[in-house]
Structure formats: C-alpha cells, structure tokens
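Look over the chain and its fold before reading on. This report moves from the whole protein to single residues.

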Amino acid sequence: MKYTCKYCNCKHNNFGSHVKVCKTYRDLETKLTSNDAVKNDYISGCSISYLCTKYNVGRHFITRCITNSGVTLRGFNYDDDSREFKQSQMKETLYKKYGVINYGQLNNQGYSGLNNVPYTIPKFIQQFNVYRDEVQVLTRKLVNKLNQRGEIPNYCSITGIEFADCKGKVNPNDFRKRSVDHCSSVLNCFLNGISPSEAASINNITFMLKYCNTIKGYMNLQEFKDLYGKQLTSLLLYED
Ligand SMILES: [Zn+2]
C-alpha cells in the first residue's frame with residue numbers, strides 16, 4: 001500500500017480504485033452536492049482551483065460535484081461561452097483591483113479592444129496553404145519509408161554536424177535534432193508549378209539540424225548554404 005487517502009486516512013495503491021469504496025469521500029461528495037455549496041460557488045464565478053483549496057479536495061472531486069449538480073463546466077472542452085466568460089471575469093477582477101479592464105491601460109501600454117474588422121486572404125495564399133499541407137503529408141510518408149529502410153542520413157546537409165537522433169532518444173528542443181526540409185523550397189515549387197509529389201520526392205528532400213530548418217524558412221537550400229552556411233557551421237560547431 002503506497003499511498004494514504006486524504007479523506008479516510010486508509011492506505012491504498014491507487015486512488016482511482018480506492019475512491020469507489022471510500023465512504024468518507026462519497027459522503028463528502030454527497031454533502032457538497034446536495035447542499036449546492038460547490039455549485040453555487042462555481043456559478044458565482046469561483047475557479048476550480050480556488051474551490052479545491054477552499055474545500056481541501058482534489059480537482060476531480062470538484063468537477064464531479066459540479067457536473068453532478070447539472071451545471072456545465074466552463075473551459076474550452078466544455079461549452080462555447082467559456083472564452084467570453086473568462087474574459088469578462090478577468091475584466092471584472094481587474095476593474096475591481098485597478099479600475100481598468102486591461103493591464104495595458106495602467107501605464108498607457110497601447111491597449112485596444114478586440115479588432116473585428118473583416119479582411120480578405122488572397123486566393124493564391126489559400127491555394128498555397130492547401131499545396132503546402134499536401135507536400136507535408138507526402139514528405140512525412142517518404143520520411144517514414146526511408147526510416148523503415150534505415151536510409152535517413154546522419155549528418156546535417158548544411159553544417160555537416162551529426163544529428164542528436166543518432167545517439168538515441170532526443171529532446172525535441174535540441175538544436176541538433178534532425179528535421180526534414182526541401183532543397184527547392186515549398187514556396188518555390190508552388191510558384192513554379194511543380195506538383196506536390198515532385199516537391200516531396202526523394203530528389204527534393206534534405207535533412208538538416210532543426211535549428212537550421214527554423215531559420216531557413218522558404219529559402220532554397222543552395223541559397224541558404226551560400227548565404228549563411230559557412231558562418232553557421234563554424235558557430236554551431238563551436239557550440240557542439
Ligand atoms: Zn479513503
């Protein structure tokens with residue numbers, strides 16, 4: 001028995017299964033549900049975290065009390081008014097505390113209300129977005145195939161640095177993480193009428209450090225290499 005139940009003090013291995021038989025927990029839940037204490041607090045705008053502290057119970061307990069009372073939980077996954085509700089709550093609190101509805105107003109930081117002015121997206125950008133998604137899917141498929149065959153290179157095509165992936169599990173934030181990119185950039189392919197499957201073909205795919213990929217953007221590989229390759233390599237090698 002690894003844990004102690006904070007409600008009845010008995011020992012258990014797993015709270016999820018213990019809670020089903022914990023009478024103290026059940027009684028407390030029934031009490032707080034039937035006298036609408038939690039529900040009323042919640043409706044008046046208290047947050048779940050606040051109620052956890054107030055009643056000294058866990059998050060699941062509070063959410064169960066609320067849903068058992070027939071009230072819908074606020075939050076992105078629960079109802080559509082959550083964002084508006086949170087926003088109005090924030091405004092209310094700020095107004096009570098500081099007499100303004102946005103921190104930016106306190107020192108003239110350039111606050112402005114929500115901008116709902118309609119705007120248009122150029123047709124070509126919409127088409128490009130579809131194109132880019134398609135290339136991305138095809139690229140991922142190709143990379144998977146190469147991976148299965150063990151045919152993915154171990155070194156960055158720009159700096160020649162070995163990928164962190166070669167040494168085992170890698171942190172996604174590692175600048176040496178391997179990432180796939182396109183020699184002729186996706187934008188370049190799109191503008192020149194090259195099909196998505198050609199853009200995502202083995203001839204147009206290259207592997208580079210995650211960091212290089214981040215700053216390369218929509219440049220072509222050769223252009224990027226010519227412009228920054230040398231300096232970037234010496235700087236990153238120095239860090240490596
Ligand atoms: Zn218990």
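Of the 240 residues of the protein, 18% count as buried. A residue is called buried if 20 or more other C-beta atoms lie within 10 Å of its own, exposed if 12 or fewer do, and partly exposed in between; the C-beta atoms are placed from the backbone. This is a predicted model, where local features need pLDDT of at least 70, side-chain atom pairs count only at pLDDT 80 or more, and totals for chains, interfaces and linings use all residues. Residues are numbered from 1 along each chain as its sequence is written.

**The whole protein**

The radius of gyration of the protein is 28 Å, while a compact globule of 240 residues would have one near 18 Å. That radius is taken over C-alpha atoms, and the globule rule is 2.2 Å times the number of residues to the power 0.38. Along the principal axes, the C-alpha atoms fill a box of roughly 70 × 55 × 35 Å.

The secondary structure comes to eleven helices and four strands. Both are DSSP runs, numbered from the N terminus: helices are H or I with at least four residues, strands are E with at least two.

The protein is divided into domain 1 (3-68), domain 2 (80-107) and domain 3 (123-239). These bounds come from an automatic or database domain assignment. The centres of domain 1 and domain 2, taken over C-alpha atoms, are separated by 29 Å.

Now for contacts. Two residues are in contact if their C-beta atoms, placed from the backbone, lie within 7 Å. Among contacts with a separation of 6 or more, 51% join residues 24 or more positions apart.

**Two packed helices**

Two packed helices are described by the angle between their axes and the distance between the axes. Helix α4 (residues 48-55) packs on helix α5 (residues 59-68) at an angle of about 105°, and their axes are 9 Å apart. Axes are lines fitted to C-alpha atoms, for helices over the stretch in contact, and angles run from 0 to 180 degrees between N-to-C directions. α4 and α5 are therefore roughly perpendicular to each other; angles of 65 to 115 degrees count as such, under 35 as roughly parallel, over 145 as roughly antiparallel and the rest as oblique. Ile48, Leu51 and Cys52 of α4 meet Arg59, Ile62 and Thr63 of α5. Of these residues, four are nonpolar, one is polar and one is charged. Here Ala, Val, Leu, Ile, Met, Phe, Trp, Tyr, Cys and Pro count as nonpolar, Asp, Glu, Lys and Arg as charged, and the others, Gly among them, as polar.

Neither residue below is glycine, yet phi is positive in Asn9 and in Asp36.

Asn9 is exposed, with 8 other C-beta atoms within 10 Å. Asp36 is partly exposed, with 14.

Is Phe163 buried or exposed? Phe163 is buried, because 21 other C-beta atoms lie within 10 Å. Phe163 is found in the loop between α7 (123-149) and β3 (178-182). Beyond its neighbours within four places in sequence, its contacts include Asn154, Tyr155 and Arg176.

Lys225 lies in helix α11 (residues 221-239). Lys225 is partly exposed, with 19 other C-beta atoms within 10 Å. Lys225 and Ile158 are 67 residues apart in sequence, but 6.3 Å apart in space, C-alpha to C-alpha.

Gln87 sits in helix α6 (residues 82-98). Gln87 is exposed, because 12 other C-beta atoms lie within 10 Å.
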